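I opened this notebook page to record what I looked up in one model, step by step. The sequence and the structure come first, and my entries follow.

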Amino acid sequence: MNSLDLHGTKHEDAFESVEDLILENQLPVEIITGNSLEMQKIVKSVIKKYKLAIFLPNPSNLGSLVVVENLK
């Protein structure tokens, strides 16, 4: 599974980085946001734009999200 670690990425660059990951790779992909609520909000906005879904692979680690196809 391809992944993107957003540690050190500026918030203004995050949307495009997440979008590139999703468009250029086969799902699922992992996005590591760390504890930044703003970064998680940015990731979720990209997920919403492409009508995808996310899940937490480890509920005790909220800084890692896996993006999958929306099954609805």
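Entry 1, the chain. I note at the outset that this model is predicted. I counted two helices and four strands in the chain, and reading along the sequence I found the pattern β-α-β-α-β-β. I then looked at the overall dimensions: the C-alpha trace spans about 30 × 25 × 20 Å along its principal axes. A compact globule with 72 residues would have a radius of gyration near 11 Å, and I recorded 11 Å for the chain, which agrees. Buried residues make up 33% of the 72 residues, and among contacts with a separation of 6 or more, 57% come from residues 24 or more positions apart.

Together with helix α1 (residues 11-24), β1 and β2 make a right-handed β-α-β unit.

I checked the length: at 1.5 Å a residue, the 14 residues of α1 should span 20 Å, and the end C-alpha atoms are 20 Å apart, which agrees. Next I asked which residues of α1 are buried, and I listed Ala14, Val18, Glu19, Leu21 and Ile22. These residues cover an arc of only 160° around the axis, so they lie on the same side of α1. What covers them includes β1, β2, α2 (37-49) and β4 (64-68), whereas the face of α1 turned away from the buried side carries the exposed residues Glu12, Glu16, Leu23 and Glu24.

Technical notes:
Residues numbered from 1 in each chain as written. Predicted model: local features only at pLDDT ≥ 70, side-chain atom pairs only at ≥ 80, totals over all residues. Heavy atoms only, no water. Right-handed = clockwise from strand over helix to strand, strands pointing away. Expected span 1.5 Å × (residues − 1). Buried < 20%, exposed > 50% of the residue type's maximum accessible area, 1.4 Å probe, protein only. Arc of directions from axis to C-beta. Contact = heavy atoms within 4.5 Å. Rg over C-alpha atoms; globule rule 2.2 N^0.38 Å.
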